[in-house]
Amino acid sequence: MSSSNYLFTSESVSEGHPDKVSDRISDAIVDLFLRKDSQARVAVETLTTTNRVVLAGEVRAREEVTSEEMIDTARQAIKSIGYEQEGFHWQNAEISCFVHGQSAEIAMGVDAAGDKDEGAGDQGIMFGYAVDETPELMPAPIAYSHSIVKALAEARHAGLRPEFAPDAKSQVTLQYENGRPVGATSVVVSTQHTEGLSQSDIKELVRPFVEEVLPEGWMCPEEEFYVNPTGLFVIGGPDGDAGLTGRKIIVDTYGGAAPHGGGAFSGKDPTKVDRSAAYASRYLAKNVVAAGLARRCLIQLSYAIGVSHPLSIYVDTYGTGEVPEDRLADILPQVMNLTPRGIREHLALNQPIYERTAAYGHFGRTPDADGGFSWEKTDLVDALKSAI
(Lines give C-alpha, C1' and ligand atoms only; values in the text may rest on other atoms or scores of the structure.)
Protein backbone atom coordinates (compact mmCIF):
# COMPACT_ATOMS: atom_id res chain seq x y z
CA MET A 1 0.00 0.00 0.00
CA SER A 2 1.55 3.28 -1.08
CA SER A 3 -0.43 5.47 1.33
CA SER A 4 0.44 5.41 5.03
CA ASN A 5 -3.09 6.52 6.02
CA TYR A 6 -5.86 4.13 5.02
CA LEU A 7 -8.64 1.78 6.14
CA PHE A 8 -8.12 -1.98 6.02
CA THR A 9 -10.70 -4.71 6.65
CA SER A 10 -10.43 -8.41 7.44
CA GLU A 11 -13.05 -11.02 8.29
CA SER A 12 -13.16 -14.26 10.22
CA VAL A 13 -15.70 -17.04 10.61
CA SER A 14 -16.41 -19.36 13.51
CA GLU A 15 -15.90 -23.10 13.76
CA GLY A 16 -19.62 -23.53 13.01
CA HIS A 17 -19.51 -21.75 9.65
CA PRO A 18 -20.33 -24.39 6.99
CA ASP A 19 -16.95 -24.07 5.26
CA LYS A 20 -15.18 -24.38 8.60
CA VAL A 21 -17.25 -27.44 9.51
CA SER A 22 -15.91 -28.98 6.29
CA ASP A 23 -12.32 -27.93 7.13
CA ARG A 24 -12.69 -29.37 10.64
CA ILE A 25 -13.88 -32.74 9.36
CA SER A 26 -11.12 -32.94 6.74
CA ASP A 27 -8.42 -32.11 9.29
CA ALA A 28 -9.88 -34.56 11.81
CA ILE A 29 -9.47 -37.27 9.18
CA VAL A 30 -5.86 -36.18 8.57
CA ASP A 31 -5.25 -36.62 12.31
CA LEU A 32 -6.98 -40.02 12.25
CA PHE A 33 -4.54 -41.26 9.60
CA LEU A 34 -1.46 -39.74 11.26
CA ARG A 35 -2.31 -41.44 14.55
CA LYS A 36 -2.15 -44.78 12.76
CA ASP A 37 0.77 -43.98 10.44
CA SER A 38 2.95 -40.88 10.84
CA GLN A 39 3.93 -41.20 7.16
CA ALA A 40 0.36 -41.45 5.85
CA ARG A 41 -0.63 -39.59 2.71
CA VAL A 42 -3.98 -37.83 2.96
CA ALA A 43 -5.91 -35.46 0.71
CA VAL A 44 -9.54 -35.38 1.84
CA GLU A 45 -12.28 -32.93 0.87
CA THR A 46 -15.60 -32.52 2.66
CA LEU A 47 -18.98 -31.23 1.48
CA THR A 48 -21.61 -30.33 4.07
CA THR A 49 -25.25 -29.39 3.55
CA THR A 50 -28.59 -29.99 5.27
CA ASN A 51 -28.08 -33.14 7.35
CA ARG A 52 -25.64 -34.55 4.81
CA VAL A 53 -21.86 -34.88 4.65
CA VAL A 54 -19.84 -36.19 1.71
CA LEU A 55 -16.19 -37.24 2.09
CA ALA A 56 -13.94 -37.64 -0.96
CA GLY A 57 -10.22 -37.85 -1.61
CA GLU A 58 -7.11 -39.97 -1.85
CA VAL A 59 -5.17 -41.66 0.96
CA ARG A 60 -2.35 -44.10 1.63
CA ALA A 61 -1.34 -45.61 4.97
CA ARG A 62 0.50 -48.68 6.25
CA GLU A 63 -2.39 -49.45 8.59
CA GLU A 64 -5.93 -49.67 7.27
CA VAL A 65 -8.35 -46.88 8.06
CA THR A 66 -11.90 -47.91 7.28
CA SER A 67 -14.75 -45.83 5.87
CA GLU A 68 -16.61 -46.45 9.13
CA GLU A 69 -13.73 -44.90 11.10
CA MET A 70 -13.71 -41.84 8.84
CA ILE A 71 -17.48 -41.47 9.16
CA ASP A 72 -17.32 -41.74 12.96
CA THR A 73 -14.49 -39.18 13.00
CA ALA A 74 -16.69 -36.79 11.01
CA ARG A 75 -19.55 -37.25 13.48
CA GLN A 76 -17.32 -36.55 16.45
CA ALA A 77 -15.99 -33.37 14.81
CA ILE A 78 -19.55 -32.12 14.23
CA LYS A 79 -20.47 -33.00 17.81
CA SER A 80 -17.45 -31.13 19.16
CA ILE A 81 -18.52 -27.99 17.29
CA GLY A 82 -21.95 -28.28 18.90
CA TYR A 83 -24.37 -29.09 16.09
CA GLU A 84 -27.49 -30.76 17.43
CA GLN A 85 -30.01 -28.92 15.28
CA GLU A 86 -32.89 -30.32 13.26
CA GLY A 87 -31.24 -29.36 9.98
CA PHE A 88 -27.74 -30.50 10.96
CA HIS A 89 -27.15 -32.99 13.75
CA TRP A 90 -24.02 -34.98 14.47
CA GLN A 91 -26.04 -38.14 15.14
CA ASN A 92 -28.63 -37.89 12.38
CA ALA A 93 -26.68 -36.50 9.42
CA GLU A 94 -26.22 -38.92 6.52
CA ILE A 95 -22.47 -39.27 5.87
CA SER A 96 -21.13 -40.80 2.65
CA CYS A 97 -17.48 -41.75 2.20
CA PHE A 98 -15.88 -41.87 -1.26
CA VAL A 99 -12.25 -41.77 -0.13
CA HIS A 100 -9.97 -44.09 -2.14
CA GLY A 101 -6.30 -44.97 -2.56
CA GLN A 102 -3.67 -42.47 -3.71
CA SER A 103 -2.59 -42.46 -7.35
CA ALA A 104 0.48 -44.63 -7.92
CA GLU A 105 1.90 -41.97 -10.25
CA ILE A 106 1.73 -39.28 -7.56
CA ALA A 107 3.29 -41.68 -5.05
CA MET A 108 6.17 -42.41 -7.43
CA GLY A 109 6.93 -38.71 -7.84
CA VAL A 110 6.74 -37.85 -4.15
CA ASP A 111 8.32 -40.81 -2.36
CA ALA A 112 12.04 -41.03 -1.63
CA ALA A 113 13.83 -43.88 -3.41
CA GLY A 114 17.52 -44.71 -3.81
CA ASP A 115 19.44 -41.45 -4.19
CA LYS A 116 16.22 -39.49 -4.77
CA ASP A 117 15.04 -37.42 -1.82
CA GLU A 118 11.35 -37.06 -1.09
CA GLY A 119 9.77 -34.60 -3.50
CA ALA A 120 7.08 -32.00 -3.02
CA GLY A 121 3.54 -33.37 -3.17
CA ASP A 122 2.54 -30.80 -5.78
CA GLN A 123 3.77 -27.72 -7.57
CA GLY A 124 2.83 -24.36 -6.16
CA ILE A 125 3.77 -21.10 -4.49
CA MET A 126 3.43 -20.46 -0.78
CA PHE A 127 3.60 -17.21 1.17
CA GLY A 128 4.44 -16.44 4.79
CA TYR A 129 3.98 -13.07 6.45
CA ALA A 130 4.62 -11.34 9.75
CA VAL A 131 4.21 -7.77 10.97
CA ASP A 132 4.77 -6.14 14.35
CA GLU A 133 1.19 -4.83 14.73
CA THR A 134 0.25 -7.37 17.43
CA PRO A 135 2.16 -9.49 19.98
CA GLU A 136 1.54 -12.51 17.73
CA LEU A 137 3.16 -10.60 14.83
CA MET A 138 -0.06 -10.81 12.83
CA PRO A 139 -2.00 -8.10 10.95
CA ALA A 140 -4.31 -6.47 13.50
CA PRO A 141 -7.59 -6.67 11.51
CA ILE A 142 -7.53 -10.45 11.12
CA ALA A 143 -6.21 -10.96 14.67
CA TYR A 144 -9.15 -9.06 16.18
CA SER A 145 -11.65 -10.66 13.81
CA HIS A 146 -10.51 -14.11 14.92
CA SER A 147 -10.62 -13.14 18.58
CA ILE A 148 -14.22 -11.92 18.37
CA VAL A 149 -15.71 -15.11 16.90
CA LYS A 150 -13.50 -17.27 19.11
CA ALA A 151 -14.73 -15.42 22.20
CA LEU A 152 -18.36 -16.01 21.16
CA ALA A 153 -17.65 -19.73 20.69
CA GLU A 154 -15.88 -20.05 24.05
CA ALA A 155 -18.82 -18.42 25.82
CA ARG A 156 -21.22 -20.78 24.02
CA HIS A 157 -19.20 -23.90 24.89
CA ALA A 158 -18.89 -22.80 28.52
CA GLY A 159 -22.66 -22.33 28.79
CA LEU A 160 -22.27 -18.63 29.54
CA ARG A 161 -24.17 -17.59 26.40
CA PRO A 162 -26.53 -20.44 25.43
CA GLU A 163 -28.31 -17.97 23.14
CA PHE A 164 -25.42 -18.23 20.67
CA ALA A 165 -25.43 -21.03 18.09
CA PRO A 166 -22.32 -22.35 16.27
CA ASP A 167 -22.38 -20.32 13.02
CA ALA A 168 -20.88 -16.82 13.23
CA LYS A 169 -18.86 -14.26 11.25
CA SER A 170 -16.95 -11.11 12.14
CA GLN A 171 -15.43 -8.25 10.19
CA VAL A 172 -13.18 -5.52 11.54
CA THR A 173 -12.13 -2.34 9.73
CA LEU A 174 -9.17 -0.48 11.22
CA GLN A 175 -7.88 3.03 10.60
CA TYR A 176 -4.17 3.17 9.84
CA GLU A 177 -2.19 6.36 10.39
CA ASN A 178 1.46 6.52 9.37
CA GLY A 179 1.19 2.82 8.58
CA ARG A 180 0.08 1.81 12.09
CA PRO A 181 -3.42 0.78 13.28
CA VAL A 182 -5.00 3.31 15.64
CA GLY A 183 -8.64 2.25 16.03
CA ALA A 184 -11.70 0.58 14.54
CA THR A 185 -13.96 2.50 12.18
CA SER A 186 -16.52 -0.31 11.85
CA VAL A 187 -17.21 -3.76 13.25
CA VAL A 188 -19.64 -6.32 11.83
CA VAL A 189 -20.70 -9.45 13.72
CA SER A 190 -23.30 -11.96 12.60
CA THR A 191 -24.09 -14.84 14.91
CA GLN A 192 -26.61 -17.63 14.70
CA HIS A 193 -28.86 -17.63 17.75
CA THR A 194 -31.79 -19.32 19.43
CA GLU A 195 -35.34 -18.37 18.57
CA GLY A 196 -37.18 -15.58 20.37
CA LEU A 197 -34.41 -12.98 20.37
CA SER A 198 -34.57 -9.63 18.58
CA GLN A 199 -31.77 -8.02 16.63
CA SER A 200 -31.24 -5.51 19.45
CA ASP A 201 -31.09 -8.36 21.99
CA ILE A 202 -28.29 -10.04 20.06
CA LYS A 203 -26.43 -6.75 19.64
CA GLU A 204 -26.27 -6.22 23.39
CA LEU A 205 -25.17 -9.83 23.95
CA VAL A 206 -22.36 -9.45 21.42
CA ARG A 207 -21.19 -5.97 22.45
CA PRO A 208 -19.10 -6.90 25.54
CA PHE A 209 -17.15 -9.50 23.57
CA VAL A 210 -16.16 -6.94 20.94
CA GLU A 211 -15.26 -4.33 23.54
CA GLU A 212 -13.14 -6.88 25.41
CA VAL A 213 -11.22 -7.89 22.27
CA LEU A 214 -10.42 -4.42 20.92
CA PRO A 215 -7.77 -2.32 22.69
CA GLU A 216 -9.10 0.37 25.00
CA GLY A 217 -10.44 3.34 23.07
CA TRP A 218 -10.54 1.45 19.77
CA MET A 219 -14.29 0.68 19.65
CA CYS A 220 -15.96 1.96 16.51
CA PRO A 221 -18.74 4.61 16.54
CA GLU A 222 -22.12 3.19 17.52
CA GLU A 223 -23.58 3.82 14.06
CA GLU A 224 -20.78 1.68 12.57
CA PHE A 225 -21.34 -1.27 14.92
CA TYR A 226 -23.41 -3.80 12.98
CA VAL A 227 -24.76 -6.99 14.57
CA ASN A 228 -26.86 -9.40 12.50
CA PRO A 229 -27.54 -6.60 10.00
CA THR A 230 -29.96 -8.76 7.98
CA GLY A 231 -32.13 -9.41 11.06
CA LEU A 232 -32.83 -12.92 12.36
CA PHE A 233 -30.18 -15.63 12.07
CA VAL A 234 -31.74 -18.79 13.47
CA ILE A 235 -31.13 -21.12 10.51
CA GLY A 236 -27.38 -21.39 9.98
CA GLY A 237 -24.47 -23.71 9.48
CA PRO A 238 -24.65 -26.32 6.71
CA ASP A 239 -28.46 -26.23 6.93
CA GLY A 240 -28.41 -22.60 5.83
CA ASP A 241 -25.57 -22.77 3.31
CA ALA A 242 -23.46 -25.59 1.86
CA GLY A 243 -19.88 -25.85 3.05
CA LEU A 244 -16.70 -27.03 1.31
CA THR A 245 -13.15 -27.67 2.44
CA GLY A 246 -10.71 -24.93 1.46
CA ARG A 247 -13.06 -22.02 0.76
CA LYS A 248 -11.77 -19.78 3.54
CA ILE A 249 -8.08 -19.54 2.66
CA ILE A 250 -7.83 -15.79 3.35
CA VAL A 251 -9.46 -16.30 6.75
CA ASP A 252 -6.94 -19.09 7.37
CA THR A 253 -3.95 -16.85 6.66
CA TYR A 254 -3.57 -13.06 6.90
CA GLY A 255 -6.99 -11.61 6.15
CA GLY A 256 -5.87 -10.24 2.80
CA ALA A 257 -2.96 -8.25 4.23
CA ALA A 258 -0.51 -10.50 2.37
CA PRO A 259 -0.67 -12.69 -0.75
CA HIS A 260 -1.91 -16.28 -0.69
CA GLY A 261 -0.50 -18.96 -2.95
CA GLY A 262 -3.93 -20.36 -3.71
CA GLY A 263 -3.71 -23.81 -2.16
CA ALA A 264 -5.87 -24.63 0.86
CA PHE A 265 -4.37 -26.24 3.97
CA SER A 266 -7.11 -28.36 5.52
CA GLY A 267 -7.45 -32.02 4.59
CA LYS A 268 -3.80 -32.37 3.55
CA ASP A 269 -0.99 -34.28 5.21
CA PRO A 270 2.30 -32.36 5.66
CA THR A 271 3.98 -33.81 2.55
CA LYS A 272 1.72 -31.41 0.67
CA VAL A 273 3.74 -28.20 0.41
CA ASP A 274 0.50 -26.23 0.14
CA ARG A 275 0.39 -26.81 3.88
CA SER A 276 3.91 -27.48 5.14
CA ALA A 277 5.72 -24.83 3.07
CA ALA A 278 3.10 -22.22 3.98
CA TYR A 279 3.81 -23.05 7.62
CA ALA A 280 7.56 -22.85 6.99
CA SER A 281 7.34 -19.49 5.24
CA ARG A 282 5.27 -18.06 8.11
CA TYR A 283 7.80 -19.50 10.58
CA LEU A 284 10.68 -17.83 8.77
CA ALA A 285 8.89 -14.49 8.33
CA LYS A 286 7.88 -14.43 12.01
CA ASN A 287 11.43 -15.14 13.13
CA VAL A 288 12.81 -12.40 10.86
CA VAL A 289 10.48 -9.87 12.50
CA ALA A 290 11.02 -11.29 16.01
CA ALA A 291 14.78 -10.96 15.47
CA GLY A 292 14.36 -7.25 14.73
CA LEU A 293 15.60 -7.69 11.17
CA ALA A 294 12.40 -6.08 9.79
CA ARG A 295 9.11 -4.71 11.09
CA ARG A 296 7.24 -6.40 8.26
CA CYS A 297 8.28 -9.43 6.21
CA LEU A 298 6.83 -11.44 3.33
CA ILE A 299 8.44 -14.67 2.15
CA GLN A 300 7.52 -16.68 -0.94
CA LEU A 301 8.64 -20.26 -1.59
CA SER A 302 7.96 -22.20 -4.79
CA TYR A 303 8.08 -25.93 -5.50
CA ALA A 304 7.57 -28.47 -8.29
CA ILE A 305 5.96 -31.88 -7.79
CA GLY A 306 8.56 -34.54 -7.18
CA VAL A 307 11.39 -32.01 -6.71
CA SER A 308 12.82 -31.72 -3.21
CA HIS A 309 14.43 -28.28 -3.13
CA PRO A 310 12.50 -24.99 -3.44
CA LEU A 311 12.75 -23.48 -6.91
CA SER A 312 12.85 -19.93 -5.55
CA ILE A 313 12.97 -17.94 -2.31
CA TYR A 314 11.68 -14.36 -2.35
CA VAL A 315 11.83 -11.88 0.53
CA ASP A 316 10.12 -8.48 0.79
CA THR A 317 10.49 -6.34 3.91
CA TYR A 318 8.57 -3.36 2.50
CA GLY A 319 11.37 -0.94 3.23
CA THR A 320 11.47 -1.86 6.93
CA GLY A 321 14.44 -4.23 6.77
CA GLU A 322 17.71 -3.87 8.62
CA VAL A 323 19.34 -6.33 6.21
CA PRO A 324 19.23 -6.42 2.38
CA GLU A 325 16.46 -8.70 1.14
CA ASP A 326 18.75 -10.72 -1.13
CA ARG A 327 20.98 -11.37 1.89
CA LEU A 328 17.98 -12.68 3.85
CA ALA A 329 17.00 -14.91 0.91
CA ASP A 330 20.50 -16.42 0.99
CA ILE A 331 20.45 -16.94 4.76
CA LEU A 332 17.02 -18.56 5.18
CA PRO A 333 17.93 -21.96 3.68
CA GLN A 334 21.06 -21.95 5.86
CA VAL A 335 19.02 -21.82 9.09
CA MET A 336 16.28 -24.22 7.92
CA ASN A 337 16.25 -27.12 5.49
CA LEU A 338 13.46 -26.14 3.09
CA THR A 339 12.98 -29.50 1.40
CA PRO A 340 9.59 -31.09 2.17
CA ARG A 341 11.29 -33.62 4.43
CA GLY A 342 13.40 -30.93 6.10
CA ILE A 343 10.37 -28.78 6.85
CA ARG A 344 8.42 -31.69 8.33
CA GLU A 345 11.30 -32.78 10.52
CA HIS A 346 12.22 -29.27 11.69
CA LEU A 347 8.63 -28.41 12.64
CA ALA A 348 7.68 -31.99 13.67
CA LEU A 349 4.66 -31.95 11.38
CA ASN A 350 4.05 -35.72 11.11
CA GLN A 351 1.76 -35.66 14.13
CA PRO A 352 -2.02 -35.52 14.63
CA ILE A 353 -2.06 -31.76 15.28
CA TYR A 354 -4.29 -30.44 12.52
CA GLU A 355 -7.93 -30.55 13.64
CA ARG A 356 -7.22 -27.65 16.01
CA THR A 357 -6.00 -25.50 13.11
CA ALA A 358 -9.29 -25.63 11.23
CA ALA A 359 -10.84 -22.52 12.81
CA TYR A 360 -9.58 -19.12 13.99
CA GLY A 361 -6.56 -19.10 11.72
CA HIS A 362 -3.51 -21.25 11.18
CA PHE A 363 -1.23 -18.38 12.22
CA GLY A 364 -0.91 -16.14 15.24
CA ARG A 365 -1.66 -19.05 17.58
CA THR A 366 0.21 -20.16 20.71
CA PRO A 367 2.51 -23.17 20.21
CA ASP A 368 1.21 -26.25 22.05
CA ALA A 369 3.29 -28.55 24.23
CA ASP A 370 2.45 -31.54 22.00
CA GLY A 371 3.84 -29.84 18.88
CA GLY A 372 0.75 -28.07 17.62
CA PHE A 373 1.43 -24.71 15.95
CA SER A 374 5.18 -25.35 16.07
CA TRP A 375 5.53 -22.90 13.17
CA GLU A 376 4.60 -20.09 15.56
CA LYS A 377 7.78 -20.51 17.62
CA THR A 378 10.49 -17.86 17.44
CA ASP A 379 13.38 -20.22 18.11
CA LEU A 380 15.31 -19.22 14.98
CA VAL A 381 16.03 -15.70 16.23
CA ASP A 382 19.53 -16.48 17.49
CA ALA A 383 20.41 -18.49 14.37
CA LEU A 384 19.29 -15.65 12.11
CA LYS A 385 21.26 -13.06 14.06
CA SER A 386 24.32 -15.29 14.03
CA ALA A 387 24.06 -15.87 10.28
CA ILE A 388 23.76 -12.13 9.67
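A crossing of two helices is termed left-handed if the near helix is turned anticlockwise from the far one by less than a right angle, and right-handed if it is turned clockwise. The structure is a predicted model, in which local features need pLDDT of at least 70, side-chain atom pairs count only at pLDDT 80 or more, and totals for chains, interfaces and linings use all residues. Residues are numbered from 1 along each chain as its sequence is written, and side-chain values use heavy atoms, with hydrogens and water left out.

Helices are DSSP runs (H or I, at least four residues) numbered from the N terminus. Helix 1 (residues 18-36) and helix 2 (residues 67-81) cross at roughly 130 degrees, their axes coming within 9 Å; axes are lines fitted to C-alpha atoms over the stretch in contact, and angles run from 0 to 180 degrees between N-to-C directions. The two helices are therefore oblique to each other, a class left over once angles under 35 degrees (roughly parallel), over 145 (roughly antiparallel) and 65 to 115 (roughly perpendicular) are set aside. The crossing of helix 1 and helix 2 is right-handed.

In contact (heavy atoms within 4.5 Å), residues of helix 1 including Val21, Ile25 and Leu32 meet residues of helix 2 including Met70, Ala74 and Ile78. This contact comprises 11 nonpolar, 2 polar and 3 charged residues, where Ala, Val, Leu, Ile, Met, Phe, Trp, Tyr, Cys and Pro count as nonpolar, Asp, Glu, Lys and Arg as charged, and the others, Gly among them, as polar.

Helix 4 (residues 140-157) packs against helix 5 (residues 199-213) at about 135 degrees, with the axes 9 Å apart.
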